[in-house]
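Visitor: I have not looked at this one before. Could you take me through it step by step?

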Amino acid sequence: MTLIPFLNLPDESQLWAFGIERCLNGSEEKCFLKELDVFLETWSAHGQMMICGRELRHSRFLFVAVDLNSVPPSGCSIDGLVHFLKNQEMVLKLKILDNSPIWYRNNEQIKRVGRSDFKSLAEKGAVSMESIVFDNSIGKLFQLRNGQWEKRVRDSWHKALVS
């Protein structure tokens, strides 16, 4: 079986993080994950099945990881994932592949804004160096597990937009 529980993947696994434009409702989440699992069960690189896993957090963030000790992903296999997600964008009528927004916590709510809007929020004092942001640019599973995905602005690349 190529799709394994996310927790069973090694720390050095290749990771992709995607922010979903809005929270998926219960039925959307169920259908999305079912379709994703079907895709991942047959996901291959150069004809060889990759060992992979996925996780959805807050009904808003998708993580897909590949165990590099099995078969490393190829350009074509990554294109396949992108194609699958583009199709899901059309089905769900939302953005998944847009990596330009800033994701942050406002109280306990997760917000998504453009970079210039985030900078404006900082100028107004609505976000600060202590605000929590989500860094979807992480590329290894250990980064997610070690708290490098959800962190304070002061500890992330987002600080350039706040200072």
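**Burial, cores, pocket and charges**

Guide: With a relative accessible area of 6%, D135 is buried. This is a predicted model. D135 sits in the loop between β8 (132–134) and α4 (141–145).

Visitor: Which residues does D135 touch, not counting residues up to four places away in sequence?

Guide: D135 is in a loop between β8 and α4, and its relative accessible area is 6%. Because buried means under 20%, D135 falls in that class. With residues up to four places away in sequence not counted, D135 touches Q148, W149, K151, W157 and H158.

Visitor: Is Q88 buried or exposed?

Guide: Q88 has its place in helix α2. Not counting residues up to four places away in sequence, Q88 touches F32, E35, K93 and I96. The relative accessibility of Q88 is 5%, so Q88 counts as buried.

Visitor: How far apart are the C-alpha atoms of R60 and C23?

Guide: R60 is found in the loop between β4 and β5, and is buried with a relative accessible area of 10%. Leaving aside neighbours within four places in sequence, R60 is in contact with F18, G19, I20, E21, R22, C23, W103, I110 and R112. R60 and C23 are 37 residues apart along the chain, and their C-alpha atoms are separated by 4.9 Å.

Visitor: Which element gives the most to the largest nonpolar core?

Guide: The largest nonpolar core has 25 residues, and those with the most contacts inside it are I20, F32, L40, W43, L62 and L85. At least two residues of this core come from each of β1 (14–19), α1 (26–41), β4 (52–57), β5 (61–66) and α2 (75–92). With five residues, the element that gives the most to this core is α1.

Visitor: What does W43 touch, not counting residues up to four places away in sequence?

Guide: W43 is among the residues with the most contacts inside the largest nonpolar core. Not counting residues up to four places away in sequence, W43 touches W16, Q48, M49, M50, C52, V64, V66, S77 and L81.

Visitor: Where does the largest share of the lining of the largest pocket come from?

Guide: The largest pocket has a volume of about 250 Å³. Of the 17 residues that line this pocket, A17, D98, N99, N136 and S137 are the closest to its centre. At least two residues of the lining are supplied by each of β1 and β6 (102–106). The largest share, three residues, comes from β1.

Visitor: How many residues of that lining are charged?

Guide: The lining of the largest pocket divides into three groups. Nine residues are nonpolar and five are polar, while the number of charged residues is three.

Visitor: What is the distance between the closest N and O atoms of R54 and D37?

Guide: Side chains of opposite charge can pair when their charged atoms come close. The structure holds 11 salt bridges, one of them between R54 and D37. That pair links distant parts of the chain, with R54 in strand β4 and D37 in helix α1, 17 residues apart. The closest N and O atoms of R54 and D37 are separated by 2.7 Å.

Visitor: Which residue forms a salt bridge with D98?

Guide: D98 is in the loop between α2 and β6, and its partner is in strand β7 (residues 109–113), 14 residues apart. D98 counts as partly exposed because its relative accessibility is 27%. The closest N and O atoms of the pair are 3.5 Å apart, and the partner of D98 is R112.

Visitor: In the salt bridge of R105 with E108, which residue is exposed?

Guide: The closest N and O atoms of R105 and E108 are 3.7 Å apart. R105 has a relative accessibility of 16%, so R105 counts as buried. A relative accessible area of 66% belongs to the exposed residue, E108.

Conventions
Residues numbered from 1 in each chain as written. Predicted model: local features only at pLDDT ≥ 70, side-chain atom pairs only at ≥ 80, totals over all residues. Heavy atoms only, no water. Core = buried A, V, L, I, M, F, W, Y, C linked by side-chain atoms within 4.5 Å. Buried < 20%, exposed > 50% of the residue type's maximum accessible area, 1.4 Å probe, protein only. Helix = DSSP H or I, 4+ residues; strand = E, 2+ residues; numbered from the N terminus. Contact = heavy atoms within 4.5 Å. 1 Å grid on protein atoms, 1.4 Å probe; cavity = no way out; pocket = protein on both sides within 12 Å on 5 of 7 lines; lining within 4 Å. Points joined across faces, edges and corners; volume = space filled by probe spheres on them. Nonpolar A, V, L, I, M, F, W, Y, C, P; charged D, E, K, R; others polar. Salt bridge = Lys/Arg side-chain N within 4 Å of Asp/Glu carboxyl O.
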